[in-house]
Amino acid sequence: MNKKIVALVGSTGQLGKLIANALLDKGAELRLLVRAESRSKVAELEARGATVVEGALGANDADALKALVDGTWAVVSAIQGGPDLIVDGQAQLLRAARNANVHRFIPSTFSLDLFKVPLGHIVTSDWRRQFADLAESERGDVEVVHILNGGFLDRSTLFGFIDVINPETGKAHVWGDGKVIEYWTTYRDTALYTAAAAVDERELPRALAVKGEALDFWGVVAAYEEASGKKLEVETLGSMDDLDALINELSSSGMDNFRKFLPLMYYRSTLNGEGALDPLYNDLFPNITPMTIGDYVRQEGL
Ligand SMILES: NC(=O)c1ccc[n+]([C@@H]2O[C@H](COP(=O)([O-])OP(=O)(O)OC[C@H]3O[C@@H](n4cnc5c(N)ncnc54)[C@H](OP(=O)(O)O)[C@@H]3O)[C@@H](O)[C@H]2O)c1
């Protein structure tokens, strides 16, 4: 494979840093868009040969975006933010990529299958859908590939934000019967698939779904118990109708309770199967062996 230049936005973030290192490991030439005040966070990447364009997404800085994307094979975004970044900022980046004849654009989607989740069910997914729709009409010849990884199989998400399992309290939480398959992939593996997709010369699916683990809630509990040797207390928090009612109540006052209702929204679309990953494309990348829940629990000593 020829050495490819890849531009990355969000390289100082949790996922972005892993994507950056995975791209460098693959021998790609890496160009980063970094806010001036965040420059020190990419010292290690610069030491590994990455070059930096100082600038911010959403700043309407056409010169910085041009400098970032000119001559690149792919542009990857791993940013986190509101619609000003996810929709407008990424739209500016896509237009710059199109004008520079970039081959592939991977936006900051990284979620369950938000193309199947009804609009209004997850606020932050709606913004990504909005960008995806805009990208279809504005991409020109750029191939836009959304990486779908389910939820992050990490301390911060499965064992944190979504609170499926809390290793501190020894409790697992579920709404409804928990009998629908859920999809979980570590940050690290999501980054490996993203880096592989970024430099791939094949045509790739628009919704590139990959998974580390696919189990229903009871399988997730069993995998944790087996790997940790600890028994969990399962708390059923209510029916799926109860979950709908709680989300409606919490979101009725706009974004005031955002941090409370957002994880519930993600968990609802996980538990009711509307965000299921199907078809999966792990087989396109046979060199990547993603971690299972058991692998992760053992590695982290959870
Ligand atoms: N599927 C899941 O379970 C799950 C869970 C969590 C996150 N995610 C998704 O994964 C993606 C990455 O999340 P993360 O947790 O890695 O995010 P993160 O750690 O918060 O990183 C966000 C990145 O965006 C950069 N950024 C923010 N505003 C910017 C701007 N205006 N211009 C340029 N860069 C800007 C930050 O740079 P600075 O260092 O300058 O602030 C940072 O590099 C997001 O799409 C997120 O929704 C998915």
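In what order do the strands of the three-strand open sheet run, and what is the pairing? They go 9-10-14, and the pairing is mixed.

This is a predicted model, so a bit of housekeeping: local features need pLDDT of at least 70, side-chain atom pairs count only at pLDDT 80 or more, and totals for chains, interfaces and linings use all residues. Residues are numbered from 1 along each chain as its sequence is written.

**View 1. The three-strand sheet, 9-10-14.** Strands here are DSSP runs of E with at least two residues, helices are runs of H or I with at least four, and both are numbered from the N terminus. Two strands pair if DSSP finds at least two bridges between them. Strand 9 (165-166) and strand 14 (233-238) are the edge strands, each pairing on one side only. Strand 9 meets strand 10 (residues 171-175) in the antiparallel sense, over two bridges. Look for Ile-165 opposite Ala-172 of strand 10.

View 2. Strand 1 (residues 5-9) and strand 2 (residues 29-34) run parallel and are joined by five bridges. Val-6 has Leu-30 in strand 2 as its bridge partner.

**View 3. Helix 1 against helix 7.** The axes of helix 1 and helix 7 (residues 187-199) come within 8 Å and cross at roughly 50°. Axes are lines fitted to C-alpha atoms, for helices over the stretch in contact, and angles run from 0 to 180 degrees between N-to-C directions. The two helices are therefore oblique to each other; angles under 35 degrees count as roughly parallel, over 145 as roughly antiparallel, 65 to 115 as roughly perpendicular and the rest as oblique. Among the residues that meet are Leu-15, Leu-18 and Ile-19 from helix 1, and Ala-191, Leu-192 and Ala-195 from helix 7. Contact means C-beta atoms, placed from the backbone, within 7 Å. The residues of this contact divide into ten nonpolar, three polar and one charged. (Ala, Val, Leu, Ile, Met, Phe, Trp, Tyr, Cys and Pro count as nonpolar, Asp, Glu, Lys and Arg as charged, and the others, Gly among them, as polar.)

**View 4. Helix 3 packed on helix 4.** Helix 3 (residues 62-69) and helix 4 (residues 83-99) pack at an angle of about 55°, their axes 9 Å apart. On the helix 3 side you'll find Leu-65, Lys-66 and Val-69, which meet Gln-92, Leu-93, Ala-96 and Ala-97 of helix 4. That contact has five nonpolar residues, one polar and one charged.

**View 5. Around the ligand.** Of the 26 residues around the ligand, Thr-12, Gly-13, Leu-15, Ser-38 and Gln-80 come nearest. A residue counts as near if its C-beta atom, placed from the backbone, lies within 6 Å. Helix 1 (14-25) gives the largest share of the shell, three residues. The shell divides into ten nonpolar, 14 polar and two charged residues.

View 6. Most residues other than glycine have a negative phi, and most peptide bonds are trans. The bond from Asp-278 to Pro-279 is cis, with omega near 5°.

Terms used:
Two residues are in contact if their C-beta atoms, placed from the backbone, lie within 7 Å.
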